[in-house]
Amino acid sequence: MNRRRYWLNQTAGVVLLAALAYVGYGWLGAGTRTTHLCEAITPGMSYGALNQFADSHGLRRASERDGVATLVEHRSFGRAGCQVTLQAGRVIASAPAVND
């Protein structure tokens with residue numbers, strides 16, 4: 001019985017550490033990942049193309065307000081993303097945005 005409990009505890013510990021590593025990587029590496037993604041957004045891109053870009057790169061779809069669209073990364077729980085300036089439905093500029 002003690003041997004079985006030992007292996008069960010070891011397995012649970014490894015699973016817990018793996019889960020923490022996965023979440024930690026998503027949280028800590030989000031700023032770098034979103035910086036590279038923001039640089040890939042090209043001026044002149046349409047709002048529809050921006051949403052397709054978001055879908056293909058793991059970002060939430062753009063929510064536009066007053067000519068500014070915000071794309072956030074799923075793995076960072078909305079902490080890191082891109083702030084995209086739009087005019088007449090086209091991208092003018094994009095910049096990384098981290099909510100710390």
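How many positive and negative side chains does the protein chain have, and how far apart do the centres of the two sets lie? In this predicted model, there are 10 positive and 6 negative side chains, with 18 Å between the centres of the two sets.

The secondary structure of the protein chain consists of 3 helices and 4 strands, arranged from the N terminus in the order α-α-α-β-β-β-β. The radius of gyration is 19 Å, whereas the globule rule gives 13 Å for 100 residues; the protein chain is therefore more spread out than a compact globule. Along the principal axes, the C-alpha atoms fill a box of roughly 70 × 25 × 20 Å. Of the 100 residues, 30% count as buried. Among contacts between residues at least 6 apart in sequence, 37% join residues at least 24 apart.

Helix H3, spanning residues 47-56, contains the buried residues Leu50, Asn51, Phe53 and Ala54. Viewed down the helix axis, the buried residues of H3 fall within an arc of 155°, so they line one face of the helix. This arrangement may be read against helix geometry: an α-helix has 3.6 residues a turn, so residues three or four places apart point the same way. Gln52 and Ser56, on the other side of H3, are exposed. The packing partners of the buried residues of H3 are helix H2 (30-40) together with strands S2 (68-72), S3 (80-87) and S4 (90-98). Just after H3, Gly58 adopts a positive phi of about 75°.

Technical notes:
Residues are numbered from 1 along each chain as its sequence is written. This is a predicted model: local features need pLDDT of at least 70, side-chain atom pairs count only at pLDDT 80 or more; totals for chains, interfaces and linings use all residues. Side-chain values use heavy atoms; hydrogens and water are left out. Helices (H or I, at least four residues) and strands (E, at least two) are DSSP runs, numbered from the N terminus. The radius of gyration is taken over C-alpha atoms; the globule rule is 2.2 Å times the number of residues to the power 0.38. Buried means under 20% relative accessible area, exposed over 50%, partly exposed in between (1.4 Å probe, protein chains only). Contact means heavy atoms within 4.5 Å. Lys and Arg count as positive and Asp and Glu as negative; His and the chain ends are not counted. The place of a charge is taken as NZ of Lys, CZ of Arg, CG of Asp or CD of Glu. The arc is that of the directions from the helix axis to the C-beta atoms.
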